[in-house]
Amino acid sequence: MSGPGPGRDGAGEGASAADNVLQLRGVSKTYGQEPARVHALGWVDLSVQAGEMVAVMGPSGSGKSTLLTIAGSLEEPTSGDVLVCGMALAGMPPGRKARLRRRVIGYVFQDFNLLPGLTAVENAALPLELDGVAVPKARAAALAALEALGVADRADWFPDQLSGGERQRVAIARAVVGDRRLLLADEPSGALDSVNAEEVMRLLHEACARGVAAVVVTHDAQLAAWADRVVFLRDGRISGQTARPPGPESLLMPREIR
Amino acid sequence: MSVPHVLLALLAEGPKYGLQLREEFEAGTGEVWPLNVGQVYKTLGRLERDGLAESDDAGPDGPQKRFRITPRGEEALAAWLRTPPDLTSPPRDELVMKVLVAARLPGTDAHEVIQAHRLYLVELMQQWTRLKEGEARDDLGLALVVDAELFRLDAVTRWLDAADTRLRRAAAAPPAPATAAVPAAVPRLRRLGARR
């Protein structure tokens, strides 16, 4: 077994709290009333720093999606604290919470969720426009995001004119447009083939390299392996997480072959 | 791994020296499989003996000797490419054995054992993925090798997931004691001709 190796530099722990874009502290979520109460999450602690990509893996029903909706302030925990950029969501006035959700958090869904009547650039600009940013400014920011994701030449195309891979790039552009700090993705590579799915993960990882913090829920180990840290959920609890792995050089040590 | 046939494939591109073959072998496989020069000359000697390759002269093996593929070598290479590797009998997999043992060893939580292995496999996959993200971007040979390794490790993690679920279901509805894992599984594997 590989324990914490010398390469471990304490992603998520040991770092100063100020670097944490997302912090879950003792978060629990239950649905329904006794005796039919369902415990979806039980005492989850998770911190994600700026620039870090965390993958959450687990079987269906393990609480992955609940964790994501609570992190995205779309649902409230039964107990525990959620902090986004150091601000506690509990007790935050609804208007302020909605603003935080629009300005700081980006979402990527399995089925892309692009609006069919809007072009790629209009889709990507939408979160900014909803937030009251003037149209030309929002459009410029959206174009910059499309550019970073390699689909600037598709700016004026409609979703149904784009391939699946291009659609997901536009969806990622929409999630990171402006100055979003936290990216939440639920099975972001959906039904894409493995090479396109890999491209989506590469792009998400590049977005993190530019300073975004990301939480990606997936059941696919190959996709999770793109993350800096993989957290395993089981029955609503964290059952383990990977240490920051040593560099790939260690794989290329001379080995006997025949 | 079939070093002789990969060397034949390199010779099919034109006559080459031993050191050159070693370099090209390593470069072509993304330098994931290092090859020592002694092994190259030993293999070339065998190929020559079997009439699959020939050299310029009959002198001692060494860097001055240039090798080329023979028509018989070309036939052998084409046949090898199209011959499926033997995947008929399951290998005696250490991880499978560990999970089978954990499932019936008193006082052992098989799920915890499975999680420990899953964690290790995913860490390994992260390392391979870093390679894919970096060097393998511009090295097709390496990208293919890394993909193969990732798919192999992925298959093992999926098996662990399935084993986890299966054990959990079995615990929820315990089967008759006669179907305990090891005694039933081992003879059956043997009948299939488990190798290694």
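Leaving aside its neighbours within four places in sequence, with which residues is L183(A) in contact? In this predicted model, the contacts of L183(A) include G106(A), V108(A), A175(A) and V176(A). L204(A), A207(A), V212(A) and A214(A) complete the list.

L183(A) also belongs to the largest nonpolar core, a set of 82 residues.

Domain 1 of chain B covers residues 3-82, and domain 2 covers residues 94-192. Where the two domains of chain B meet, domain 1 gives four residues to the contact and domain 2 gives five. On the side of domain 1 of chain B that touches domain 2 of chain B, one residue is nonpolar, three are polar and none is charged.

The last point is the confidence of the prediction in chain A. The average pLDDT of chain A is 85, and 87% of its residues score at least 70. Over residues 1-14 of chain A the pLDDT stays under 50, and the model has 26 contacts beyond four places in sequence for them. Residues 254-258 of chain A also have a pLDDT below 50, with five contacts in the model beyond near neighbours in sequence.

Key: Residues are numbered from 1 along each chain as its sequence is written. Chains are lettered from A and ligands numbered from 1 in the order in which they are written. This is a predicted model: local features need pLDDT of at least 70, side-chain atom pairs count only at pLDDT 80 or more; totals for chains, interfaces and linings use all residues. Domain bounds come from an automatic or database domain assignment. Two residues are in contact if their C-beta atoms, placed from the backbone, lie within 7 Å. Ala, Val, Leu, Ile, Met, Phe, Trp, Tyr, Cys and Pro count as nonpolar, Asp, Glu, Lys and Arg as charged, and the others, Gly among them, as polar. A nonpolar core is a set of buried Ala, Val, Leu, Ile, Met, Phe, Trp, Tyr and Cys residues joined through C-beta atoms within 7 Å. A residue is buried if 20 or more other C-beta atoms lie within 10 Å of its own, exposed if 12 or fewer, and partly exposed in between; C-beta atoms are placed from the backbone. pLDDT is the predictor's confidence in each residue, from 0 to 100.
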